[in-house]
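User: I have a model open and would like to go through it with you. Can we start with how you name things?

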4 protein chains.
Amino acid sequence: MIKVAVNGFGTIGKRVADAVSAQTDMEIIGVSKTRPSHEAMIAQKRGYPLYIADISKKESFEKAGMKVAGTVEEMVRAADIIVDATPGGVGAGNKAMYEKYGKMAIWQGGEEHEVAGYSFNSSCNFADARGRQFARVVSCNTTGLCRIIKLADTAFGVKKVRATMVRRGADPGDAKRGPVDAIVLNPVTIPSHHGPDVQTVLPEIDIVTTALVVPTTFMHMHIIQMDLKETGDRGKFLKMIADHPRIGLVKGYTGIKSTAELREYASDLGRPRSDLWESCVFEDSVSIVDGKELYLFQAIHQEADVVVENVDCIRAMTGGASTAEESVAMTNRALGFETI
Amino acid sequence: MIKVAVNGFGTIGKRVADAVSAQTDMEIIGVSKTRPSHEAMIAQKRGYPLYIADISKKESFEKAGMKVAGTVEEMVRAADIIVDATPGGVGAGNKAMYEKYGKMAIWQGGEEHEVAGYSFNSSCNFADARGRQFARVVSCNTTGLCRIIKLADTAFGVKKVRATMVRRGADPGDAKRGPVDAIVLNPVTIPSHHGPDVQTVLPEIDIVTTALVVPTTFMHMHIIQMDLKETGDRGKFLKMIADHPRIGLVKGYTGIKSTAELREYASDLGRPRSDLWESCVFEDSVSIVDGKELYLFQAIHQEADVVVENVDCIRAMTGGASTAEESVAMTNRALGFETI
Amino acid sequence: MIKVAVNGFGTIGKRVADAVSAQTDMEIIGVSKTRPSHEAMIAQKRGYPLYIADISKKESFEKAGMKVAGTVEEMVRAADIIVDATPGGVGAGNKAMYEKYGKMAIWQGGEEHEVAGYSFNSSCNFADARGRQFARVVSCNTTGLCRIIKLADTAFGVKKVRATMVRRGADPGDAKRGPVDAIVLNPVTIPSHHGPDVQTVLPEIDIVTTALVVPTTFMHMHIIQMDLKETGDRGKFLKMIADHPRIGLVKGYTGIKSTAELREYASDLGRPRSDLWESCVFEDSVSIVDGKELYLFQAIHQEADVVVENVDCIRAMTGGASTAEESVAMTNRALGFETI
Amino acid sequence: MIKVAVNGFGTIGKRVADAVSAQTDMEIIGVSKTRPSHEAMIAQKRGYPLYIADISKKESFEKAGMKVAGTVEEMVRAADIIVDATPGGVGAGNKAMYEKYGKMAIWQGGEEHEVAGYSFNSSCNFADARGRQFARVVSCNTTGLCRIIKLADTAFGVKKVRATMVRRGADPGDAKRGPVDAIVLNPVTIPSHHGPDVQTVLPEIDIVTTALVVPTTFMHMHIIQMDLKETGDRGKFLKMIADHPRIGLVKGYTGIKSTAELREYASDLGRPRSDLWESCVFEDSVSIVDGKELYLFQAIHQEADVVVENVDCIRAMTGGASTAEESVAMTNRALGFETI
Ligand SMILES: NC(=O)c1ccc[n+]([C@@H]2O[C@H](COP(=O)([O-])OP(=O)(O)OC[C@H]3O[C@@H](n4cnc5c(N)ncnc54)[C@H](O)[C@@H]3O)[C@@H](O)[C@H]2O)c1
Ligand SMILES: NC(=O)c1ccc[n+]([C@@H]2O[C@H](COP(=O)([O-])OP(=O)(O)OC[C@H]3O[C@@H](n4cnc5c(N)ncnc54)[C@H](O)[C@@H]3O)[C@@H](O)[C@H]2O)c1
Ligand SMILES: NC(=O)c1ccc[n+]([C@@H]2O[C@H](COP(=O)([O-])OP(=O)(O)OC[C@H]3O[C@@H](n4cnc5c(N)ncnc54)[C@H](O)[C@@H]3O)[C@@H](O)[C@H]2O)c1
Ligand SMILES: NC(=O)c1ccc[n+]([C@@H]2O[C@H](COP(=O)([O-])OP(=O)(O)OC[C@H]3O[C@@H](n4cnc5c(N)ncnc54)[C@H](O)[C@@H]3O)[C@@H](O)[C@H]2O)c1
């Protein structure tokens, strides 16, 4: 059993903890919070030992009826590997602690590539993780881009990618961030950083990205165009998507045309937290124009797609599986996850 | 086993079907849809026999890989009782069919009180349902109002209620209805119809209501003020809420201050579809002003609170339980439902 | 000519500057900005001398083609009176500077009553401003409450006020603040601070307020109920509203039922920046229930209603008009402002 | 004086009426409404004779204090040319009436190209309008695309255009349409109809478009990529944009990064109804990648950009100006319109 600690039990951390817990070859030995909150109550209900960053706050947890297991440092010592899901930028500051205790660690996409020196995506570069102390699971958007670009590259060769990310403004549980009524260019400059971020995983890909933020809470929408090396074949590509363990096809007859209807479907399927771990490609959007141009829309559940990647990354680093296929199958099976 | 059919497998209908299915004393013998869609796929996955209103559309269902069990009329004949969850106004038109086959039926809040001649809320008037052929479960807002008013009336006597409903604009899965950026008076006139609707269940209550619509998808928010007959006691009332099987208390230490955070909590708790079947009273808002004025905020999950009421209503009408307490306990236990 | 400086040329400040400029008895001698921006460009286009808080940033203004007139301190020295419209909390820190140069100053509702020791509303306490060095124009919500409560008190006597403020989440030009999809209790506790804030102007009024935030940008909506001392008369009250120079009546035949339609109307009327300086009472909502309870909805344009109050407050303090009626008429006439 | 009637005094129609009124060579002889409303009141205030489609509703207008000049048919007879701004699809039905009276007519983008047989954009094909009885001003999105594509084609030659339209969900004054919290693919299929629509004006352009709808009210955002025939020159193109009478440059130092800030700027500039008649290209986004790929973001005010095109189209058809340059200059001057 691989002993896993989750540092930062927030949007991503709580999902990773549940996904790790569901696996047969790993277990959660602790999670961390900074303040008593409804998320801390959830950690208690799940039976995850609760560690806190600032031990002087112990009393405020206890007053709310929560048991504190110790400090984050104690949690790190007790773990084989730490999934760091603290807010973007905070994680880098924890590196010294992981080094001090000689522990493996995985950061999220809010940290720079350089923090870990290696960026991971299970569909692309699983094998390279073996033997590393540090890795970074790329962001939700980059994860979604890597999966589909790799697939198209395998199918037809990819000469150039142009992609626009229409991003959700705030996570569903976030009552503070906006915008309320605006389309925000983020950044105004072109290209955005997403292209170079894809290249940390797929360095050979020529890609230009643009990004906007809109007032929605659930899922980013990607508009993707790829210049292909060979003539594309729509039927073949649809079949490859249908067979991919981390990409789902939104079928035309479901009538689903929006992120709202996709969430409703995930929720009706009984997915925990309505999570869509797979990239959701809209079948009717997949088009080959002029033979060598591939177009498609895909929706990416920002809170979920990286969760299964974290589980695979743990196995990739610790040697818990020898191939991506093996790990992905183990992860999916333990979660009861079949793509839509 | 009470044989239950759900006519209209939409937002409310699919939830009622799942809740009925979970009970030990009743079963779903069929559900109806008008078009193949992602909801129809869910019915298939759940194993609910799928009946269709317009049998000429059979082929379009079959082309999408769905099996059609027959017409709505055949479904009605096979059932002991029908839960009619067709869109508001459509249900009334089905009355003749239920009468023709001598079946019991339950409508939802989108229909007028007069359609059934009797409006139901399990915390208020369970016993009156016994022996009736027809009943109507009051709307989500009215259900929420009835539960808390009845409780306050029991505790201190209620002289007058003034309540404002800040309503969600569209259900989460609805990508069409707005508004986008507006506060809409609905209606502009005062009072709104919610007060008289409460009186269909609690005729003795003096109540004035106002209602607005805002651009959110999850939960209505009620601002409630009640003039009490006796001096109020905050501690006593909080305890009564905590003990109520259909009202939950949002504790201050959870840090929850909004509908978004409440949904996140429901989702983290693992509630199916993040459903909050209970009214959610904000503990810190419960206030007694000048001795005899009670104030509070409560959030009402529009898609969920009436679902458990429908289950109780089936038992109340068919004699499956002799008291509200008994039925509510059976319903909650079968769903694994403990209030927040 | 009264020499007016506007410290903080933002949402409120730029409107006050334009309103002051339009008057015949006062002039703008300077406005201040902290950074070059589109608002600074507007100041230049209007010909308002541009002063800056941090003179070391002079070059960055000049690079953007803007002329800097000097420091904020120099602006203060050149003025008879300063309207401080810096962000809430910042204004208090400027008091020492205004004292140092012996200048009159007016703060906005984001500052505490204590900063000025006197809170102003032209419909309520104009005369009390005479001879004061400092005043505070109450917030947009409090301004809206004071106007209508004072009017009802004059008409029928007000025994008690219960009011709910459904507040806009962000100003229209703000692309950062949320929420996106949430109703936020702000505060969760009851009552909110708005009641005591009304009492800084109308100390004799018994009032309980509650407040929520929703994802809209234009106008707060107030749901107001008042217990009257005498029996109310709807017709009389509607006439009093129609005659009030700062309260407008949204007529039923306009079909306007929302803040969005109200903005459209203001914009069609050609109001500068679509500003609604008046409180907008919905005619069809004005109701007398049981003889002595008055109910109504009013919409308050958060960016605009306090603007005309600032102009009146300048006159009230400097003696530029001897009565509220006189000043209000002067202000309105200069702006071409007739209530809707 | 060209006598202009506006059939359908709504979002577009009321703006066209005001813009026509401002010109020295044309006048409004009537506008039409179907119901008394706040827009009808505006027509009265502006002094536009008010005609109504259904004369049996005359009384309801008069009860609201509005004077009815006659029927739509009478208005048509009195005009030289009709601008038809009825809702999309309704306009086609009016063609027979315009033919019956031998009147010239201009439809909007909600009608098919075939209704008029000729689609207009003043920057592209002004001269072709001369002598025609019927024309159609292309939609807001197509107008925005045509202007910039034509400019790039003139500068460097355009080999291929790929464009995504992120569209506003509802107009600002619309309190009904959504979505509330969804990104909607509209259509799911690729390409969208906007490409062929551009080709009704610029038939030689190879273009693929995609379109989404998001919960905002003000402006569509275009993400545009063009393959150029010659190597692009950023400086040259920025200068051409700056010189274009219908395209504005959003400068970096304004700090404007979103549609919300753009509206604020338009409103501060004192533009009537905050209208942005020009396409708004974000200076910092204009990029040449790999020599021959041009990228940029442009925001399009859906309610405004076609308004000035309608005025030009009237002149183009009636011979009121002999070149596009002449008409555009006349239109802009009369409106006091200089691009941002
Ligand atoms: N939310 C998303 O959509 C998303 C998607 C992909 C990747 N990410 C990345 O995942 C990481 C986490 O983001 P999130 O959205 O889960 O954030 P979050 O704010 O939801 O959760 C962060 C958690 O870290 C805890 N925390 C804060 N400071 C801490 C500290 N000093 N020590 C320990 N714990 C601390 C907080 O209590 C909170 O529970 C970031 O790098 C982010 O960029 C987020
Ligand atoms: N959505 C809510 O928030 C909510 C809350 C409480 C009560 N209600 C009430 O519940 C009822 C159902 O509302 P909903 O929101 O679930 O609606 P919905 O539109 O989500 O679902 C209605 C279902 O009825 C089906 N249907 C439509 N026409 C039909 C017909 N002629 N015959 C058979 N089936 C037909 C549709 O396929 C759909 O599945 C209404 O009375 C409504 O007022 C809704
Ligand atoms: N926006 C509203 O709806 C509203 C309504 C009524 C009252 N108010 C109150 O008006 C005041 C101003 O609010 P606002 O919304 O106009 O804020 P804002 O942020 O729009 O504008 C504030 C301006 O002050 C300038 N500024 C910031 N720091 C400064 C400093 N240290 N010195 C000088 N200038 C500085 C900024 O450049 C900005 O132009 C606050 O007290 C607020 O509570 C706001
Ligand atoms: N709103 C936009 O963003 C926009 C942008 C560009 C083009 N357009 C196009 O402009 C046209 C008008 O759209 P709009 O947004 O102004 O619509 P709208 O609904 O705002 O206005 C339409 C007007 O037509 C009137 N009307 C309705 N039925 C009528 C009838 N039978 N006879 C006469 N008048 C009638 C209505 O009273 C209303 O005033 C459509 O073709 C639309 O596609 C709209």
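Analyst: Helices (H or I, at least four residues) and strands (E, at least two) are DSSP runs, numbered from the N terminus. This is a predicted model, in which local features need pLDDT of at least 70 and side-chain atom pairs count only at pLDDT 80 or more, while totals for chains, interfaces and linings use all residues. Residues are numbered from 1 along each chain as its sequence is written, chains are lettered from A and ligands numbered from 1 in the order in which they are written, and side-chain values use heavy atoms, with hydrogens and water left out.

User: Where does Arg273(B) lie?

Analyst: Arg273(B) sits in the loop between helix 10 (259-268) and strand 14 (279-282) of chain B. Its phi is positive, about 55°, although Arg273(B) is not a glycine.

User: Which peptide bonds are cis?

Analyst: One of them runs from Gly178(B) to Pro179(B), with omega near 5°. Pro179(B) is in the loop between strand 9 (158-168) and strand 10 (184-185) of chain B. Another joins Ile190(C) and Pro191(C), with omega about 0°. Pro191(C) is in the loop between strand 10 (184-185) and helix 8 (194-199) of chain C.

User: Now the interface. How many residues of chain A are in contact with chain B?

Analyst: 30 residues of chain A are in contact with 30 residues of chain B, where contact means heavy atoms within 4.5 Å. The two chains bury about 2,800 Å² between them, 53% of it on carbon and sulfur atoms. Buried area is the accessible area (1.4 Å probe) that two parts lose on being put together, summed over both.

User: And which residues of chain A lose the most area to chain B?

Analyst: His38(A), Tyr253(A) and Asp268(A), which together make up 24% of what that side buries.

User: How many salt bridges are there across that interface?

Analyst: The rule finds six between chain A and chain B. A salt bridge is a side-chain nitrogen of Lys or Arg within 4 Å of a carboxyl oxygen of Asp or Glu. Arg273(A) forms one with Asp268(B), the closest N and O atoms being 2.7 Å apart.

User: Switching to ligand 3. How many residues surround it?

Analyst: 20 residues, among the closest being Thr11(C), Lys33(C) and Asp171(C); a residue counts if one of its heavy atoms lies within 4 Å. An oxygen atom of ligand 3 is 2.8 Å from an N or O atom in the side chain of Thr11(C). A polar side-chain atom of Asp171(C) lies 2.8 Å from a nitrogen atom of ligand 3.

User: What classes do the residues of that shell fall into?

Analyst: Six are nonpolar, eleven polar and three charged.

User: Last one: what separates Asp312(C) and Arg315(C) in helix 11?

Analyst: About one helical turn, because Asp312(C) and Arg315(C) are three residues apart in helix 11 (residues 305-318) of chain C. Their side chains meet in a salt bridge (4.0 Å, N to O).

Conventions:
A polar contact is a pair of N or O atoms within 3.5 Å; within protein, one must be able to donate a hydrogen and the other to accept it, and residues adjacent in sequence count only if both atoms are side-chain atoms. Ala, Val, Leu, Ile, Met, Phe, Trp, Tyr, Cys and Pro count as nonpolar, Asp, Glu, Lys and Arg as charged, and the others, Gly among them, as polar.
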